[in-house]
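Here's a protein to look at together. Take a moment with the picture before you read on.

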Amino acid sequence: MDFWTAIQALILGIVEGLTEFLPISSTGHQIIVADLINFGGERFEAFNIIIQLGAILAVVWEFRRKILDVVIGLPTQPKARRFTVNLIIAVLPAVVLGVIFADLIKHYLFNPITVASALVVGGVIMLWAEQRQHAVRAETVDDITWKDALKVGLAQCLAMIPGTSRSGATIIGGLLFGLSRKTATEFSFFLAMPTMVGAAVYSGYKYRDLFQPADFPVFAIGFVTSFIFAMIAVKGLLKFIASHSYAVFAWYRIAFGLVILATWQFWLDRLDCGQAMSIQHPRLKALIFVLLCAAPLLGSAVLWYRGETVIPLAAYGVVSVVAFFLYWSDKRKAQTEGRRIPENILHAVELAGGWPGALIAQQVFRHKTRKVSYQVLFWVIVLLHQVFWLDQLFLGGTLLSIL
């Protein structure tokens with residue numbers, strides 16, 4: 001196992017752990033990230049099974065008391081038996097349709113464009129569902145009827161489309177069918193256990209020849225990483241939903257999906273077709289770009305959703321387009337020895353929110369990438385944006401108030 005392979009396993013383990021139980025599509029993120037870091041083929045199939053088991057174990061550990069109570073109460077307690085029957089009913093639709101259509105879906109739909117489209121569409125549906133008035137009939141998982149369980153199970157089948165999100169489909173479905181937000185979330189976690197274990201066993205048997213002893217260190221890194229970050233995500237989500245809606249995840253889905261559609265079509269496709277100069281590790285650079293855009297886009301979307309201001313979100317989009325065309329114009333002028341655009345103008349546009357467009361333009365046009373002093377100031381601007389939005393999202397503006 002070389003160093004880069006270990007880093008790939010670590011990255012994918014983190015992605016699986018953080019996204020498996022959030023309504024943002026773990027499969028979609030895995031497809032995108034694995035493609036960006038060039039970790040694919042048959043080895044990815046086996047590795048994905050292992051890291052999913054790590055995420056499942058995290059949920060089992062988090063709800064171990066409830067699971068133990070149900071197991072002990074099965075012989076004597078009607079409530080435990082009803083809960084178990086509901087889980088079986090909810091799992092069955094995915095089992096039947098999964099066996100029938102799994103190979104077709106994997107062949108035709110497992111690609112970045114499908115994932116990005118499903119992320120956007122799913123985000124819009126989540127926003128619509130959150131804005132509806134909910135008549136709550138089930139306050140706890142023990143209040144769920146077999147009809148409710150069947151409806152949630154059917155909703156889970158939508159997650160067979162990569163990018164939809166299994167947890168997103170079941171949670172939003174549960175809200176629409178009369179479950180409270182907490183109940184829908186917890187039932188989604190419980191439903192994940194038999195569903196994901198069944199899928200892992202089926203895939204493990206199907207791809208049993210792909211498990212090689214030489215890959216065990218890679219599997220171990222992914223498994224442990226996935227378990228740790230899944231624990232963090234589950235605990236964080238349960239705490240978050242106590243006082244928040246799922247709208248922030250909807251906006252994240254929409255923003256992330258649009259970024260993927262834009263970068264894949266405009267950037268990577270051009271590179272693959274040889275329409276731009278050769279770039280080393282283009283997919284890794286695309287992954288870095290997406291990660292850099294995550295906090296600013298999420299923070300801007302949150303401000304818009306709260307009704308505070310839409311200016312940051314609009315600025316990133318509009319000013320990035322301006323920055324891109326300024327770079328394009330400056331590149332053309334450099335080639336024809338025309339009057340160049342002053343660097344302080346370019347940096348001012350980047351500071352105003354145009355750095356994403358500038359970053360894309362630098363790579364597409366191979367412009368301003370070798371001038372060290374220019375790059376240092378550019379990355380200082382990017383760092384300032386990252387620090388500002390991470391402070392707003394996770395520290396409540398603490399750093400800004402100190403300054």
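What follows is a short tour, going from the whole fold down to single residues.

## Before we start

This is a predicted model, so keep the ground rules in mind: local features need pLDDT of at least 70, side-chain atom pairs count only at pLDDT 80 or more, and totals for chains, interfaces and linings use all residues. Residues are numbered from 1 along each chain as its sequence is written, and side-chain values use heavy atoms, with hydrogens and water left out.

## The big picture

The protein has 16 helices and zero strands. Both names refer to DSSP runs numbered from the N terminus: helices are H or I with at least four residues, strands are E with at least two. Along its principal axes, the C-alpha trace spans about 85 × 50 × 35 Å.

How much of the protein counts as buried? The figure is 50% of the 403 residues. Buried means under 20% relative accessible area, exposed means over 50%, and partly exposed is in between (1.4 Å probe, protein chains only). Now for contacts, meaning heavy atoms within 4.5 Å: among those with a separation of 6 or more, 78% are between residues 24 or more positions apart.

## Inside: the nonpolar core

In soluble globular proteins, nonpolar side chains tend to be buried together. A nonpolar core is a set of buried Ala, Val, Leu, Ile, Met, Phe, Trp, Tyr and Cys residues joined through side-chain atoms within 4.5 Å. The largest one here has 104 residues, and the members touching the most others are Leu 12, Phe 21, Phe 47 and Phe 187.

Beyond its neighbours within four places in sequence, Ser 226 is in contact with Gly 13, Glu 16, Gly 17, Ile 51, Gly 54 and Ala 55.

The protein exposes about 19,900 Å², and carbon and sulfur atoms supply 68% of that. Such areas come from the Shrake-Rupley method with a 1.4 Å probe; for residues, only the protein chains shown count as cover.

On the surface, Val 95, Val 96, Val 99, Ile 100, Phe 101, Leu 104, Tyr 108 and Tyr 202 form a nonpolar patch, with about 780 Å² of accessible area together. Patches are made of residues with over 30% relative accessible area and no salt bridge, with like charges joined within 9 Å and nonpolar side chains (Val, Leu, Ile, Met, Phe, Trp, Tyr) within 5 Å. Which helix gives the most to this patch? Helix 5 (residues 78-109) does, with seven residues. Ile 100 lies in that helix and counts as exposed, at 52% relative accessibility.

## Charged pairs

There are seven salt bridges in the whole structure. Each is a side-chain nitrogen of Lys or Arg within 4 Å of a carboxyl oxygen of Asp or Glu. In one of them, the side chains of Lys 235 and Glu 62 meet at 3.0 Å, N to O. Lys 235 lies in helix 10 and Glu 62 in helix 3 (residues 42-62), so this pair ties together parts that are 173 residues apart in sequence.

Another salt bridge joins Asp 330 and Arg 340, with the closest N and O atoms 3.0 Å apart. Asp 330 is in helix 13 (residues 311-336), while Arg 340 is in the loop between helix 13 and helix 14 (343-365). Asp 330 counts as buried because its relative accessibility is 0%, whereas Arg 340 is partly exposed, at 39%.

Most residues other than glycine have a negative phi. Ser 25 has a positive phi of about 75 degrees, and Ser 165 has a positive phi of about 90 degrees.

Where is Ser 25 found? This serine is in the loop between helix 1 (3-19) and helix 2 (26-36), and counts as buried at 2% relative accessibility. Ser 165 is in the loop between helix 7 and helix 8 (166-176), and is buried too, at 4%.
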